[in-house]
Amino acid sequence: MSGRRQIRRSAAGIIVAILAAVVLAADQFVKHLTIENLPLHEVVPVFGEFLQLYYVRNPGAAFSLGSEVTWIFSIALAVVAGVIIWKAFALQSRLWAIVLGCLLGGVLGNLTDRLLREPGFGVGHVVDMISMPWMMPAIFNVADIFIVCGMISVALLVVLGLRFDGTREKDDVAPESDSDLDSDVADVAVDADAVDAVDADVAVDADSDKGA
């Protein structure tokens with residue numbers, strides 16, 4: 001039984017679109033503030049080494065890997081965004097809509113950089129600005145946060161067995177309904193009556209034999 005977990009597909013699509021737009025806008029706004037206010041390649045402490053701002057332009061992936069093949073990341077982001085949008089049309093789960101909406105927003109945030117920022121279309125450098133040296137050496141941005149959290153959430157939903165239509169895998173093994181139980185009780189009662197009838201016949205036959 002799906003219960004309250006299912007929602008209309010149109011509602012799920014709206015949730016995905018709104019969250020993706022909000023995340024994309026937040027990511028681009030923070031990047032705009034970074035470009036306008038932070039010096040390039042200079043550490044700006046916020047909470048000591050716990051949280052720092054460090055403005056860089058990343059041509060590659062994490063740790064600047066693949067900086068010579070930026071166009072591959074552009075294609076990969078475009079494919080991921082397309083798959084999420086395609087799956088959004090089949091969603092009837094509120095949780096999946098929220099997770100995929102945030103994930104799509106993060107993907108679109110970095111894809112926008114790849115397509116529109118210097119040095120050119122498809123090979124643009126992603127603006128990163130958040131640094132947490134105590135946890136990892138990588139510099140990341142708002143879009144990265146939503147991408148990582150989104151992927152972790154996707155894995156959790158898969159492990160929990162929640163499907164795109166709002167049902168769970170355990171729903172396939174449903175307990176017997178009241179009508180099934182009533183039917184079973186009736187069958188048992190009929191079998192008991194049959195046994196009683198047989199016992200009565202045996203008793204009558206025994207009495208007849210004694211009379212003879």
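**Exercise 1. Classify Val-123 in this predicted model: is the residue buried, partly exposed or exposed?**

Solution. Start with the location: Val-123 sits in the loop that joins helix H3 (94-116) to strand E3 (126-131). Next, take its relative accessibility, which is 30%. Buried would require under 20%, and exposed over 50%. Val-123 is therefore partly exposed.

**Exercise 2. Find which residues form a nonpolar surface patch with Val-123, and what accessible area they have together.**

Solution. Besides Val-123, the patch contains Trp-71, Ile-72, Ile-75, Val-79, Val-83 and Trp-86. Together these residues have about 670 Å² of accessible area.

**Exercise 3. Work out how many aromatic pairs the structure holds, and classify the one made by Phe-50 and Trp-134.**

Solution. The count is two aromatic pairs. For Phe-50 and Trp-134, the ring centres are 5.1 Å apart and the planes meet at 10 degrees. Stacked pairs need planes under 30 degrees apart, so this pair is stacked. Now place the partners: Phe-50 belongs to the loop between strand E1 (43-47) and strand E2 (51-58), while Trp-134 belongs to the loop between E3 and strand E4 (139-140). With 84 residues separating them, the pair links distant parts of the chain. Finally, check accessibility: Phe-50 is partly exposed at 44%, and Trp-134 is partly exposed at 48%.

**Exercise 4. Now try Trp-96 and Phe-164: what is the geometry of their rings, and which parts of the chain do they tie together?**

Solution. The centres of these two rings lie 4.7 Å apart, with an angle of 85 degrees between the planes. Over 60 degrees counts as edge-to-face, so that is the class of the Trp-96 and Phe-164 pair. Trp-96 is part of helix H3, and Phe-164 is in the loop between helix H4 (142-160) and helix H5 (178-211); the pair therefore ties together parts 68 residues apart in sequence. As for accessibility, Trp-96 has a relative accessible area of 4% and is buried, whereas Phe-164, at 27%, is partly exposed.

**Exercise 5. Describe the chain as a whole: which order do its elements follow, and what share of its residues is buried?**

Solution. First, count the elements: there are five helices and four strands. Reading from the N terminus, their order is α-β-β-α-α-β-β-α-α. Then turn to burial: 32% of the 212 residues count as buried. Last, consider contacts with a separation of 6 or more: 66% of them involve residues 24 or more positions apart.

Methods: Residues are numbered from 1 along each chain as its sequence is written. This is a predicted model: local features need pLDDT of at least 70, side-chain atom pairs count only at pLDDT 80 or more; totals for chains, interfaces and linings use all residues. Side-chain values use heavy atoms; hydrogens and water are left out. Helices (H or I, at least four residues) and strands (E, at least two) are DSSP runs, numbered from the N terminus. Buried means under 20% relative accessible area, exposed over 50%, partly exposed in between (1.4 Å probe, protein chains only). Contact means heavy atoms within 4.5 Å. Patches are made of residues with over 30% relative accessible area and no salt bridge: like charges are joined within 9 Å, nonpolar side chains (Val, Leu, Ile, Met, Phe, Trp, Tyr) within 5 Å. Accessible areas come from the Shrake-Rupley method with a 1.4 Å probe; for residues, only the protein chains shown count as cover. A salt bridge is a side-chain nitrogen of Lys or Arg within 4 Å of a carboxyl oxygen of Asp or Glu. Rings of Phe, Tyr and Trp (its six-membered ring) pair if their centres lie within 6.5 Å; planes under 30 degrees apart count as stacked, over 60 as edge-to-face and the rest as tilted.
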